[in-house]
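Have the sequence and the model open side by side. The walk below goes from one chain to the pair, then to single contacts.

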Protein chains: 2
Amino acid sequence: MNPGDRVRVDREDRTYEGVVLPSSTDDHLVVKLEGGYNVGVDRDEAAVEVLAEGAYEIDGTDSVGSEDDEDGEASEIEFDEDLPTISLISTGGTIASTVDYRTGAVTAQFDAEDVLRAVPDLAGRANYRGRVVANILSENMEPPIWRELAEAVREEIEAGADGVVVMHGTDTMQYSAAALAFMLETPVPIVFTGSQRSADRPSSDNVMNAVSAVEAAKSDCAEVLVCMHGSESDDVCALHRGTRVRKNHTSRRDAFETIGAESLGTVDYETETVEFRRDYQQRGDTDLAIEPELEDDVELLKFTPGMDPQFLDVVEGSEGLIIEGTGLGHVHTDLIPRIEELIEDGTTVVMTSQCLEGRVCDRVYDTGRDLLDAGVIEAGDTLPGTAKVKLMWALENSADVEEAMSTSLAGELQERSVPWE
Amino acid sequence: MNPGDRVRVDREDRTYEGVVLPSSTDDHLVVKLEGGYNVGVDRDEAAVEVLAEGAYEIDGTDSVGSEDDEDGEASEIEFDEDLPTISLISTGGTIASTVDYRTGAVTAQFDAEDVLRAVPDLAGRANYRGRVVANILSENMEPPIWRELAEAVREEIEAGADGVVVMHGTDTMQYSAAALAFMLETPVPIVFTGSQRSADRPSSDNVMNAVSAVEAAKSDCAEVLVCMHGSESDDVCALHRGTRVRKNHTSRRDAFETIGAESLGTVDYETETVEFRRDYQQRGDTDLAIEPELEDDVELLKFTPGMDPQFLDVVEGSEGLIIEGTGLGHVHTDLIPRIEELIEDGTTVVMTSQCLEGRVCDRVYDTGRDLLDAGVIEAGDTLPGTAKVKLMWALENSADVEEAMSTSLAGELQERSVPWE
């Protein structure tokens, strides 16, 4: 049996006809069906008959039996009505370098074939839709692409996706996940995943992360999640709330951690069990809604001893500034009059802490109180990067920005789990 | 028995005469001896006879029997030759608000009396010398004060201190500890400590941290250490290498953590045992040396998506720039030509990662290689804040700054403990 052969598959009480794809192995066939969807077939569990050898030419660049309709829209045909439909959206990065494998050109869409060719283990878990929003290394991610990504997610959910997996480079995944968490009200899971090690390396995490993300996208947690290795082994992926997660290691596969709380849940790779240990928004609890506008003119400044006050001049005229202060939310006293001027000129200034864990509290020490008197807003325990994204969003979408920055909109600001005393 | 009484104390095989200080309690006397040193006396273990009631007037502002010599120098008289001499240097902050309790004026020196009045538990552990280098909240710490602090530490060691405890606000303790680690070669321990909760709060950590820091300063680890609570209980303090430590929580008493490794050791509060679990520089291994000059014109910039490139304009003409990049050490591609211009104009640009854990490695992805081609120096797993301090030091004191930033000078850059594969 070879790629391109037309086959009939008998498995349990179902019979399919389709074309064998190149991602097939001796143990595992991937068969493209008439509707454009692919199905993975375990040879041990199915009887396969070749109907026509070499019925289709497969060269890897011109995909066989593309799922695209004639008008170029992704097919919405569901192959297996017993399986949910998961939309895979690629933005680039290490994981997409596997899935979106067609060399060179950025393609606007990719199909289930591409997905299954790259990650055969995805077969049989869902019906897949695929699209490409960007093809960039994630350090080049920019707020305008967050908007495009949010719109793409909305379209996929409107088109019937039961869950969305966003493949994203790991460098800025936490910023993008936070952006979508603020932009979208979602009735289904939106799961970011990526890869710390590319597919050509023996320790690659791409397959397990992709499979786990699909399982999470099938779960009943209708939030924006990040799904990445939860340990150094290949046993579980952790599910992190998109607004509370941080890449805490440059290279480890379990680099992503929820800050200030346990992770929301886990995906057990062996048993394919998705479990949640904390409360979350249930599938279907909210209707789909989108507010994708962002104020781009927001900066983040990390204060360190000896910082040049001129950095504040760059912020002059900006709409917003996140300060990553020390400890409970402090900066050098000399900077406070300048910060007050910025606020008087209309810049919204929000304090976070470079400690990353714990809440800012500027009522304890003199310099903190001076900052509050100057009009600085405290962001509680919101992570600095999340606070930047949130302020960009709140400046466009909140009637009361100070109230918004002091309130949890998408799980980014926790009730004080560790009391401050 | 009241403060001001002149007493004779018989304890074991020693007899002292001195004046009872106000820090005394029913169970515990603090007695100022003729030489200016104070001794703590457990009433259960000593016979105390009042020689003259109210022999001295004590009002808390005019200290009795100051240890200062007539020329204003701190006394070097050792009271108990069996005990080491520990120098306590105050820079301000929550812990010093206890010890340096005289309200209002900044005093240039404080004496053992002040220390023991505030923290009676320090009695009997060492002979104490005290001095004030600054009296500031640590967010106001600046590089020039690091130099003064390093000079003060040098003077104390030259004057015979067997160990130095630096009392410092917690906000910027890690930066100051790193500065001293680069500036000083030390034959004795230099131990930073502070307090996350002030003395008037039931959960204050000031006593345990101060006592543990003194015990660490008596140990044989001749490095710059940070000694703070090692857990949420009052059981152990952790000892962190000054260049690898970070305040990772805004309010918890165990906020300080060693990044990328276990902490160097612990002080068991109950047993007063100092233990080290990793290699360290032994007491007396090196001679005292100081190189306190810093290049102040060094900035740190944290890259986040959407960052205004104008922040790089502020750096124009600066001697050094630390970038806190994403992941393995990346920034948006559009910034690279500007960074290259800075380097061509003479700015030393060093890459670190906002992940905090793990090494930067710019040889993996295109944008990283472009940064290396532009002349960016990789700082391994050096923490961003430590890298800033190090670059300030290296620009003044290293013949080859690139080599210095790529090499461990004071434990700040670890051999790769987690292999990158």
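This is a predicted model: local features need pLDDT of at least 70, side-chain atom pairs count only at pLDDT 80 or more; totals for chains, interfaces and linings use all residues.

Start with chain A. Its 421 residues are 61% buried. The chain holds 10 helices and 21 strands. Now look at how its parts meet. Take the contacts in chain A with a separation of 6 or more: 68% of them join residues 24 or more positions apart.

Next, bring in chain B. On the chain A side, 61 residues are in contact, and they meet 59 residues of chain B. The two chains bury about 5400 Å² between them. Carbon and sulfur atoms give 51% of that area. Which residues of chain A lose the most area to chain B? They are A:Thr250, A:Pro305 and A:Phe311, which together make up 13% of what that side buries.

Charged pairs also cross the interface. Two salt bridges are counted between chain A and chain B. A:Lys302 and B:Glu324 form a salt bridge through their side chains, with 2.7 Å from N to O.

Now widen the view to salt bridges in general. Side chains of opposite charge can pair when their charged atoms come close. Over all chains, the structure holds 50 salt bridges.

Are the two partners buried or exposed? A:Glu272 counts as partly exposed because its relative accessibility is 38%. A:Arg125 is buried, because its relative accessible area is 11% and the limit is under 20%.

The next stop is A:Glu156 with A:Arg131, a salt bridge of 3.0 Å from N to O. A:Glu156 lies in helix α3 (residues 143-158) of chain A and A:Arg131 in strand β7 of chain A, so the bridge ties together parts 25 residues apart in sequence. Here both ends are buried: A:Glu156 has 2% relative accessibility, and A:Arg131 has 18%.

B:Asp234 and B:Arg253 form a salt bridge, their closest N and O atoms being 3.0 Å apart. They are 19 residues apart and link distant parts of the chain. B:Asp234 is in the loop between β11 and β12 of chain B, and B:Arg253 is in the loop between β13 and β14 of chain B. B:Asp234 is partly exposed at 43% relative accessibility. B:Arg253 is buried, with a relative accessible area of 11%. Elsewhere, salt bridges with shared partners join A:Arg6, A:Arg8, A:Glu17 and A:Glu49 into one network.

Finish with two helices of chain B. Helix α4 (residues 173-183) packs with helix α9 (residues 384-397) at an angle of about 35°. Their axes lie 9 Å apart. The crossing of α4(B) and α9(B) is right-handed. From α4(B), the contact uses B:Tyr175, B:Ala178, B:Ala179, B:Phe182 and B:Met183. From α9(B) come B:Gly385, B:Thr386, B:Val389, B:Lys390 and B:Trp393. Which kinds of residue make up this contact? Seven are nonpolar, two are polar and one is charged.

Notes
Residues are numbered from 1 along each chain as its sequence is written. Chains are lettered from A and ligands numbered from 1 in the order in which they are written. Side-chain values use heavy atoms; hydrogens and water are left out. Axes are lines fitted to C-alpha atoms, for helices over the stretch in contact, and angles run from 0 to 180 degrees between N-to-C directions. Helices (H or I, at least four residues) and strands (E, at least two) are DSSP runs, numbered from the N terminus. A crossing is left-handed if the near helix is turned anticlockwise from the far one by less than a right angle, and right-handed if clockwise. Contact means heavy atoms within 4.5 Å. Ala, Val, Leu, Ile, Met, Phe, Trp, Tyr, Cys and Pro count as nonpolar, Asp, Glu, Lys and Arg as charged, and the others, Gly among them, as polar. A salt bridge is a side-chain nitrogen of Lys or Arg within 4 Å of a carboxyl oxygen of Asp or Glu. Buried means under 20% relative accessible area, exposed over 50%, partly exposed in between (1.4 Å probe, protein chains only). Buried area is the accessible area (1.4 Å probe) that two parts lose on being put together, summed over both.
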